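Visitor: Hi, I'm new to this one. Could you put it on screen and walk me through it?

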Amino acid sequence: MKFRASLARLAARGRNFHSALFEQFADELRNNKLSGTKCKKCGEAYFPPRADCTNCMSNDMEWRNYSGMGRLVTFTTIHAAPTGFEDM
C-alpha cells in the first residue's frame, strides 16, 4: 500500500517536479559541486539524487553535498561510432 501511495504522490507532482530536481542537480555539477539527496525519514542517501526514497518510500528528501572523495566500485567503458558511421 505504501508503494501505491508513493506512486500516486509521484504522479501528482508530475514532470515539472522531476525537471526541477534534475536542473538543481545539473546546476550543482556546473558549479563543480557533487550533490545528492538524503531521506529525512530513514537516512538513506542517494547519488544521483532521487525524489523518493526506495528504502522507506518517503518523499521527504533533503539535498546533501558530497566531498568528491570516495572509492571507485565499478565503471563502464562505452564505445560509440563517430557521427556519420552509425550504420557501418
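Visitor: Which residues do ring pairs link into a cluster?

Guide: Phe-25, Phe-47 and Tyr-66. Keep in mind that this is a predicted model, where local features need pLDDT of at least 70, side-chain atom pairs count only at pLDDT 80 or more, and totals for chains, interfaces and linings use all residues. Residues are numbered from 1 along each chain as its sequence is written, and side-chain values use heavy atoms, with hydrogens and water left out.

Visitor: What makes a ring pair?

Guide: Rings of Phe, Tyr and Trp (its six-membered ring) pair if their centres lie within 6.5 Å; planes under 30 degrees apart are stacked, over 60 edge-to-face, the rest tilted. That rule gives two aromatic pairs. In one, the ring centres of Phe-25 and Phe-47 are 5.8 Å apart and the planes meet at 65°, so the pair is edge-to-face.

Visitor: Where do Phe-25 and Phe-47 sit in the chain?

Guide: Phe-25 is in helix H1 (residues 2–30), and Phe-47 is in the loop between strand E2 (45–46) and strand E3 (61–66). They are 22 residues apart. Helices (H or I, at least four residues) and strands (E, at least two) are DSSP runs, numbered from the N terminus.

Visitor: And the other pair?

Guide: Phe-47 also pairs edge-to-face with Tyr-66, at 6.3 Å between centres and 80° between planes. Tyr-66 belongs to strand E3, so this pair ties together parts 19 residues apart in sequence.

Visitor: Is Phe-25 buried or exposed?

Guide: Phe-25 is buried, at 12% relative accessibility. Phe-47 is partly exposed at 47%, and Tyr-66 is partly exposed at 26%. Buried means under 20% relative accessible area, exposed over 50%, partly exposed in between (1.4 Å probe, protein chains only).

Visitor: New topic. How many bridges join E1 to E3?

Guide: Six, with E1 (residues 34–39) and E3 running antiparallel. Two strands pair if DSSP finds at least two bridges between them. Leu-34 has Tyr-66 as its bridge partner in E3.

Visitor: What about E1 and E2?

Guide: They pair antiparallel over two bridges. Lys-38 stands opposite Ala-45 in E2. E1 and E2 make a hairpin with five residues between them, and Gly-43 in the turn has a positive phi of about 90°.

Visitor: Which element has the lowest mean pLDDT?

Guide: H1, at 67, while E2 has the highest, at 94. pLDDT is the predictor's confidence in each residue, from 0 to 100. The protein's mean is 81, and 76% of its residues reach 70 or more. Where pLDDT is low, the predicted coordinates should not be read in detail.
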